[in-house]
Amino acid sequence: MSIPVSEQRKLHQRSGNRCAFPGCRRVLTAAATPHNRLAVLCEDAHIVAEKPTGPRGDSPMTLVERNRYENLILLCNYHHQQIDSQPESFPVELLHQWKSQHEEWVETVLDGEAAPPAPTAATPYAVLGHEEYIDIATEASEQRRRQRRLGAGLEEAQAERSLGQHVVVPDYLRVLNAGDACVLVGALGSGKSEMAEEWHRSNLTTARADSAGPIPVWLSSGTLNKAIEDFLVGEIGIQSLASHGVDVVVDGLDEHTEDATRTLAEARNLVNRWPKSRVVLTARAVDPASPVREVAAPLLDDGHAGRLMTTVAGRQLPPLSDQLTEAARRPLFALLIARHASAAEGANGIPELVDRVVDDIVEREGFDLYAELKRLAVETIRDGKPIDPARFTTAQIAARVRGSSLVTRTGRTCAFSLATFEQWFAAKAILEEEVDLNEEMTSLESFDRWKYVLAIVLAAGEPGRADLVMDRLVRWNPGAAAWVIKETHAGGLARTNPDYNSADWAKIGARLRFAAEAWIAGLGPLALATFPAQMTGTASLERIALAVDVEAWSLRISWLIRDELPGPPLDRVTSLSGASPFALNRSISLKTHPITTGPNWIWETMRDHLGSDIGERLAIVADQVVYSQDSVLRNEIIDMRRLKNLGSPMVPEDQHPDATSALYPGPDIGPSHEAPWGQYHPATILARAEAVAAAAMNCYLELTSLLTPNFGDTLGIRGLMPVEFYGNVRHPTSGANGPDTWGPPEPSLAWLLKPISAHNGAPLDRTSIINTVSLTLNDEARDAELRDDHEELYNWHEQRILGRPAYEPFAASFSIHFGSFDILGYRPATRLALSWLWDDLKCLGWLEGTTLRFHN
């Protein structure tokens with residue numbers, strides 16, 4: 001039954017065409033344009049739901065009464081969705097009060113009187129009272145626990161049995177002090193939400209017994225549409241926040257990474273401002289330098305996992321494979337194994353199990369929604385919020401999608417109850433070529449939406465299809481592809497490898513060569529550091545053969561020049577089995593690699609193979625590529641040659657016949673036997689440090705633009721820029737280092753790279769990035785700031801990530817450097833810039849070790 005027009009008209013007239021949500025009052029029509037008619041933006045929201053199963057629907061009201069003006073409130077679409085998504089926070093009495101206050105305000109304005117101030121909304125906590133508020137929050141907690149289990153495919157009876165099994169809450173959460181915040185981190189399925197729920201339920205029990213203590217509040221990051229403090233003020237009131245404090249859970253930061261850093265900052269600020277409060281957040285991972293403490297979610301021990309599975313299955317399970325046994329230490333996977341015990345028998349890993357879970361649920365529900373659930377996953381990932389499935393299917397099928405046990409429904413919109421299934425179905429859509437990655441992968445922001453889905457594709461996708469996906473990703477951005485490889489190790493979703501032997505050389509070799517061609521294309525000029533390019537002088541595999549020898553858990557890879565010897569060229573892929581490549585009388589490169597977990601290990605193996613070459617030749621190739629351009633690197637090489645040609649250091653530069661202009665300020669104290677190259681006054685050493693620092697930042701931008709252009713802002717320091725080189729130089733005011741030293745006293749430096757302005761879009765062209773230098777000399781105050789004010793200095797780093805959340809997975813670690821600063825040697829700016837690039841590539845997994853092989 002629809003709302004009668006007469007009732008709608010009465011509601012709209014008395015509401016003044018304005019949203020009745022306190023503080024909104026948005027006009028609910030958009031004026032007509034030359035191309036479109038007037039748009040109506042209002043929604044006639046039910047206070048008591050039209051159906052008994054809807055929000056606040058438990059009422060003896062008849063259907064006719066539910067559709068009358070008295071039970072309606074006029075809202076914008078945003079606030080309509082909010083009150084129906086969080087019905088416990090917006091009870092019937094509160095909505096009636098808002099409606100009455102709003103209509104009184106409209107009447108006053110229409111009568112021409114001075115409008116009274118906007119009514120201060122009574123908070124849900126004040127309207128309900130302490131005891132009822134805690135009762136409702138407890139029931140909501142129980143519903144969340146139940147929905148997590150139903151969302152994993154458990155039947156009602158299994159879900160009921162499992163509720164008696166409780167996860168272990170980390171000790172740090174149990175003793176969390178007032179005024180503290182922490183973030184509970186763990187891999188996919190590790191039970192972070194359930195641990196936070198246990199902490200929340202304990203706080204509800206305490207609050208029931210002590211009405212003067214902190215008020216427990218649960219928030220989901222997906223529905224948190226304002227700052228944490230603003231939400232709490234509207235939920236419990238500022239007086240309660242001050243006098244009681246709150247125990248807040250913010251769940252699911254990793255599902256909305258665009259808001260994660262901002263939410264962490266808000267949590268820290270909340271407990272600083274309201275010291276009676278505590279905050280626990282959940283996420284897969286956070287920046288290690290975040291001032292919010294990180295607490296690891298503990299895995300179940302084997303005994304606990306076994307009891308949970310036995311309880312849910314209702315019987316003792318047969319022995320599991322090693323991979324399933326390890327996976328069962330994560331509560332979600334233990335539930336999946338137990339619920340689908342018959343499916344688990346014979347499954348080697350989580351991917352096979354999840355496939356069978358989906359088949360089982362589809363069969364149980366009696367209607368094949370596989371295609372629609374894939375589409376739902378794709379659309380919710382694109383939008384980052386629940387959507388109405390009617391936008392991509394018929395009304396009848398949309399109703400079935402909303403009723404699936406895998407989703408949670410809010411009004412007409414819905415989304416997957418568990419991110420695991422959302423990402424799983426989206427991965428299926430990619431593998432089945434229903435998503436065009438060329439359209440999706442256009443920026444870090446688009447990659448951020450799909451990154452966990454891509455990790456599932458790599459970890460568990462059928463090789464023939466997964467290789468095509470990785471080929472596109474690797475060629476687009478090898479830094480993003482390297483992050484996906486890293487994530488597969490944390491996800492626990494890799495399939496078990498088949499048993500390999502020497503007969504598999506052709507199949508594996510062809511895949512390795514395919515991966516190598518993609519990586520080399522993605523690396524761009526950096527590929528010149530790889531051995532194939534060194535052999536042929538070009539970043540192409542056309543003249544190169546890949547030779548492999550495969551064993552059960554390892555393989556040997558060698559590159560050979562196909563036409564190096566007379567006769568027919570070698571095949572593109574050849575076998576090394578039973579032969580030594582050194583007996584082939586050809587130029588070779590031979591390396592041995594382990595075969596790692598998962599069907600698509602070839603992408604990680606080939607990255608590591610090429611990465612070892614890059615680690616050996618990074619500085620050499622940088623010289624080759626960048627020297628041809630007007631660059632800092634080129635200028636420093638010219639300056640180095642000038643210095644080496646000066647001859648005796650005792651001869652002043654301006655008297656040498658080959659003297660040219662120095663790149664950086666030189667010694668301004670004459671040479672002596674203790675310091676034959678001369679020494680520096682403090683002011684001169686400061687000027688030299690400033691010049692070198694500025695040149696190093698410019699050199700780094702030149703390197704990333706000319707050598708690694710496809711990596712973009714996945715290079716941590718590149719994404720941090722523009723920055724200020726901020727620090728203090730320490731240098732003696734006179735004299736050399738001491739009687740046992742040779743040469744001028746070495747300056748020392750404390751410094752960091754401090755972001756200085758917004759960088760909110762795609763990677764900036766290097767010419768548009770203007771970095772600055774702020775160095776002081778022998779400044780005790782600056783030294784103390786760098787040594788002691790870490791949290792204040794971290795705020796600058798944090799603000800950069802807040803400005804561009806998609807950069808967060810690649811963000812350079814916050815660090816302050818102390819020690820010697822080699823600004824007196826050859827090519828100091830190039831050396832520092834290359835060390836930054838080395839660190840960036842190492843963070844992505846491309847390089848190993850701490851030593852850059854630098855060649856003067």
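Biologist: How many bridges join strand β7 to strand β8?
Modeller: Four bridges join β7 (residues 246-251) and β8 (residues 278-283), and the two strands run parallel. Strands (E, at least two residues) and helices (H or I, at least four) are DSSP runs, numbered from the N terminus. Two strands pair if DSSP finds at least two bridges between them.

Biologist: Which residue is the bridge partner of Val248 in β8?
Modeller: Val279 is the partner of Val248.

Biologist: What are we looking at, and which residues count?
Modeller: This is a predicted model, where local features need pLDDT of at least 70, side-chain atom pairs count only at pLDDT 80 or more, and totals for chains, interfaces and linings use all residues. Residues are numbered from 1 along each chain as its sequence is written, and side-chain values use heavy atoms, with hydrogens and water left out.

Biologist: What is the mean pLDDT of the protein chain?
Modeller: The mean is 84, and 88% of the residues reach 70 or more. pLDDT is the predictor's confidence in each residue, from 0 to 100. Over residues 114-120 the pLDDT is below 50; that stretch still has ten contacts in the model beyond near neighbours in sequence. Contact means heavy atoms within 4.5 Å. Where pLDDT is low, the predicted coordinates should not be read in detail.

Biologist: Back to the sheet. What is the strand order?
Modeller: β6-β7-β8-β5-β9, an open sheet of five strands with parallel pairing.

Biologist: Which strands stand at the edges?
Modeller: β6 (215-220) and β9 do. Each has a single partner strand, so one side of each is left without a neighbour in the sheet. The twist averages 20° from one strand to the next. Axes are lines fitted to C-alpha atoms, for helices over the stretch in contact, and angles run from 0 to 180 degrees between N-to-C directions.

Biologist: Which strands does helix α9 touch?
Modeller: α9 (residues 192-209) packs on the sheet and touches β5 (181-185), β6, β7 and β8. Its direction makes about 155° with that of β6. Helix α10 (residues 228-236) lies across β6 and β7, at about 130° to β6.

Biologist: Take Ala296. Buried or exposed?
Modeller: Ala296 is exposed, with a relative accessible area of 58%. The cut-offs are under 20% for buried and over 50% for exposed, with partly exposed in between (1.4 Å probe, protein chains only). Ala296 lies in β9 (residues 293-296).

Biologist: Which residues is Ala296 in contact with, leaving aside neighbours within four places in sequence?
Modeller: Pro170, Leu184 and Val185. Ala296 and Leu184 are 112 residues apart in sequence, yet 5.9 Å apart in space, C-alpha to C-alpha.

Biologist: New topic. Lys374, buried or exposed?
Modeller: Lys374 is buried, at a relative accessible area of 4%. Its place is in helix α18 (residues 370-383). Not counting residues up to four places away in sequence, Lys374 touches Phe425, Lys428, Ala429, Glu432 and Glu434.

Biologist: Where is Ala429?
Modeller: In helix α20 (residues 419-431). Ala429 is buried too, with a relative accessible area of 1%. Beyond residues up to four places away in sequence, Ala429 touches Lys374, Val378, Glu434 and Val435.
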